[in-house]
Amino acid sequence: MDDASLSDQAEIRWSDHGTYPLDTNTPAVRVRVPARRVEAWTLLATDRITRRLPSFTDGRFRMVEHDVRGDFVLTPPLPDPDTLLERLSESVETIELVPYANTLLRLTVFPSAG
């Protein structure tokens with residue numbers, strides 16, 4: 001999709017129901033757009049992440065790294081632009097995008113295959 005065809009291909013759905021705008025079941029807006037899957041680009045699962053958290057000790061503020069254990073699913077790094085076109089699925093599907101705060105899985109960047 002390019003800027004010229006955006007208004008023809010994107011479908012915007014506004015919701016007038018729901019009292020809480022960040023409700024995951026009834027987001028205020030949904031945008032449906034055509035997309036193609038990137039083969040071998042999948043979520044990353046890990047049982048440990050490192051977080052930098054603020055700490056104030058001995059009168060000093062600093063950021064301290066902490067290992068956190070659990071079950072985490074993370075957005076993978078963007079695919080290499082040089083190999084992206086050859087990794088695109090042939091079929092086009094429609095995906096639905098909702099505002100970041102209305103989701104449990106958050107993907108904020110999509111690769112562009114120009």
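**Charged pairs and strands**

Tutor: Arginine 37 is exposed, with a relative accessible area of 55%, where buried means under 20%, exposed over 50% and partly exposed in between, using a 1.4 Å probe and protein chains only.

Student: Before we go on, what kind of model is this?
Tutor: This is a predicted model, in which local features need pLDDT of at least 70 and side-chain atom pairs count only at pLDDT 80 or more, while totals for chains, interfaces and linings use all residues. Residues are numbered from 1 along each chain as its sequence is written, and side-chain values use heavy atoms, with hydrogens and water left out.

Student: Ok, which residue does arginine 37 form a salt bridge with?
Tutor: Its partner is glutamate 93, with the closest N and O atoms 2.9 Å apart; a salt bridge here is a side-chain nitrogen of Lys or Arg within 4 Å of a carboxyl oxygen of Asp or Glu. Arginine 37 lies in the loop between β2 and β3 (44-57) and glutamate 93 in strand β5, so the pair ties together parts that are 56 residues apart in sequence. Strands are DSSP runs of E with at least two residues, numbered from the N terminus.

Student: And how accessible is glutamate 93?
Tutor: Glutamate 93 counts as partly exposed, at 27% relative accessibility.

Student: Switching to the sheet, what is the strand order?
Tutor: The order is β1-β2-β5 in an open sheet of three strands with antiparallel pairing, two strands being paired if DSSP finds at least two bridges between them. Because β1 (11-14) and β5 (93-97) stand at the edges with a single partner strand each, one side of each is left without a neighbour in the sheet.

Student: How many bridges join β2 to β5?
Tutor: Five bridges join β2, residues 29-35, to the antiparallel β5, and valine 33 stands opposite isoleucine 95 in β5.

Student: Back to charges, how many salt bridges are there?
Tutor: The count comes to five. One of them joins glutamate 11 and arginine 13 at 2.7 Å, N to O; glutamate 11 is partly exposed at 35% relative accessibility, and arginine 13 is partly exposed at 39%.

Student: What about aspartate 67, which residue does its side chain meet?
Tutor: Aspartate 67 meets arginine 48 in a salt bridge of 4.0 Å, N to O. Aspartate 67 lies in strand β4 (residues 60-74) and arginine 48 in strand β3, so the pair ties together parts that are 19 residues apart in sequence.

Methods
Helices (H or I, at least four residues) and strands (E, at least two) are DSSP runs, numbered from the N terminus.
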